[in-house]
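Welcome to this short tour! Open your viewer, get your selection tool ready, and follow along one stop at a time.

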Amino acid sequence: MEKLEMKYDSKKSMVILYIISMTIAFTTQYADYEIGYGLQIIIGLLWIFLGIWKLDINGFKFRGVYKDDFPRFLKLYLLPHIVIHGYTIILMCFGIVDKKYFTTNLTVYVPTVLAIFAIYLLGINALYYTVVSLLLSWLLSVSVSLAIKGPMIIIHAIRQGLIDPFDTTGGLSMNYFELHDLVLAIGYVMVYYIFSKEKLTKKNIAIIMFVFLIMILGLKRISVIALVLIIIFNLLIKLFNNKLQNRICFILSILGVVFCYFYIYIMTDGDVFYNFIQSMGINVMGRNYYYRAIMDYAQFKPSFLGIGRNVVTQLLNTELSYLHVGGVHSDIIKMYVENGFILFGGWLAYYLVYLKNVYKKHYSKKSVILYFEIIIYMFTLYLTDNVEIYFICQILAIMIPVTYALKTKYNY
């Protein structure tokens with residue numbers, strides 16, 4: 001009995017430690033004070049170390065109910081990062097990419113492994129603990145900003161989100177609700193929420209509208225569009241049987257690949273995009289200039305090999321620093337320019353087609369639909385945001401479909 005109590009207390013302490021540490025990792029902004037992403041990597045590595053320690057105790061073998069699932073998911077989600085990173089190293093060896101652009105790629109490896117190891121250490125409730133950390137982080141950041149800057153930050157955010165994107169009410173130039181990674185990550189949780197609800201009741205609609213407000217105040221309009229697409233897809237897909245649902249997802253996957261290539265093709269001529277948004281009166285917050293500057297490094301042809309993993313970000317911080325932006329604000333463009341014509345297609349096919357088929361083969365049919373909804377949300381964000389290396393977004397994009405797949409497979 002004592003051993004059981006000690007085991008329970010140890011697990012409870014680990015849960016509390018996880019929630020506190022993840023809340024700290026997720027919170028990168030306290031009023032005007034911003035914390036770099038280094039702390040996230042350190043905290044992530046500590047949890048990965050705990051996972052490796054547990055593996056070491058077990059003779060480096062996953063044990064328990066999920067013993068076959070953990071290695072499968074680790075391989076599946078690490079593989080594209082390893083291939084892309086390895087491809088860049090090969091380009092460096094042949095002198096096609098300058099070796100000064102080499103990076104460790106920890107920003108994608110750490111959250112990927114952490115998402116799986118968190119479930120390994122804490123069980124399938126790890127997703128719940130992660131969502132709690134996410135909400136606590138939002139409350140912590142906003143509360144500190146309110147305490148230091150005052151309630152005017154709310155008026156400023158409302159005016160900037162709904163009326164004037166250049167609003168300076170109260171002399172404020174910064175939107176303290178614009179918590180990039182965190183606000184976009186809330187959308188992943190909402191995808192799961194929308195998916196799991198059979199009907200859009202008044203309560204559900206109220207929750208969704210509140211989240212929409214958070215996203216609008218945080219200037220994340222693309223996430224609102226993405227969630228609207230999820231709601232429409234979720235309502236329509238339920239009208240068909242399982243066989244037709246799989247066919248529809250497959251067709252949409254292929255169309256997604258084609259659309260992404262078409263998107264790049266349009267971007268090779270910056271004037272087409274610029275003239276379109278100008279004629280529609282759309283404010284893209286300077287994205288057309290970032291897109292044009294980065295697309296100058298690419299060509300739309302199969303022989304284009306790419307400029308190397310994470311080179312786009314490094315260029316924006318060096319040769320293109322005059323743009324005063326840390327990311328190109330389009331992961332579709334970033335992945336194409338960095339990986340080239342062919343590997344870009346492989347990257348698209350892997351996430352849009354192959355991984356979906358793995359879920360179909362090894363897990364429930366419902367897990368396929370949830371995975372596909374996560375992908376719809378993720379790739380919609382990829383069109384206009386820097387999400388592919390965002391810490392929280394990466395964790396939830398993996399943890400949500402993996403958790404649901406394990407739950408349905410083992411009837412939890």
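**Stop 1: a pocket.** Keep in mind that this is a predicted model. Select helix α5, residues 126-149. This helix supplies 8 residues to the lining of the second largest pocket, the largest share of that lining.

**Stop 2: a cavity.** How many cavities of 30 Å³ or more are there? The count is 1. To find its centre, select Tyr351, Met378, Tyr382, Gln394 and Ala397, the closest to it of the 18 lining residues. About 230 Å³ of space lies inside this cavity. Next, colour α15 (365-384), which with α3, α14 and α16 is among the helices that each give at least two residues to the lining. The biggest contribution, 6 residues, is from α15.

**Stop 3: the nonpolar core.** Show the side chains of Phe73, Tyr188, Ile332, Ile333, Phe344, Trp347 and Phe379. Within the largest nonpolar core, which has 146 residues, these touch the most other members. Helix α14, residues 331-362, gives the most to this core, with 17 residues.

Now zoom in on Tyr188. Which residues does Tyr188 contact, leaving aside neighbours within four places in sequence? Among them are Ile374, Tyr377, Met378, Leu381, Ala397 and Ile400. You have already selected Met378 and Ala397 at the cavity's centre.

**Stop 4: a helix with a kink.** Select α3, residues 69-93. Its 25 residues, at 1.5 Å each, should span 36 Å, and the C-alpha atoms at its ends are 35 Å apart, so the two values agree. Look along the helix to Leu78, where there is a kink of about 35°, shortly before the proline Pro80. After α3 comes Gly95, with a positive phi near 80°.

**Stop 5: Leu229.** Finish at helix α9, residues 221-237, where you will find Leu229. Is Leu229 buried, partly exposed or exposed? Its relative accessibility is 38%, so Leu229 counts as partly exposed. Setting aside neighbours within four places in sequence, Leu229 contacts Ile376 and Thr380.

Definitions and conventions
Residues numbered from 1 in each chain as written. Predicted model: local features only at pLDDT ≥ 70, side-chain atom pairs only at ≥ 80, totals over all residues. Heavy atoms only, no water. Helix = DSSP H or I, 4+ residues; strand = E, 2+ residues; numbered from the N terminus. Expected span 1.5 Å × (residues − 1). Bend = angle between axes of the 7 residues up to and from the residue. Buried < 20%, exposed > 50% of the residue type's maximum accessible area, 1.4 Å probe, protein only. Contact = heavy atoms within 4.5 Å. Core = buried A, V, L, I, M, F, W, Y, C linked by side-chain atoms within 4.5 Å. 1 Å grid on protein atoms, 1.4 Å probe; cavity = no way out; pocket = protein on both sides within 12 Å on 5 of 7 lines; lining within 4 Å. Points joined across faces, edges and corners; volume = space filled by probe spheres on them.
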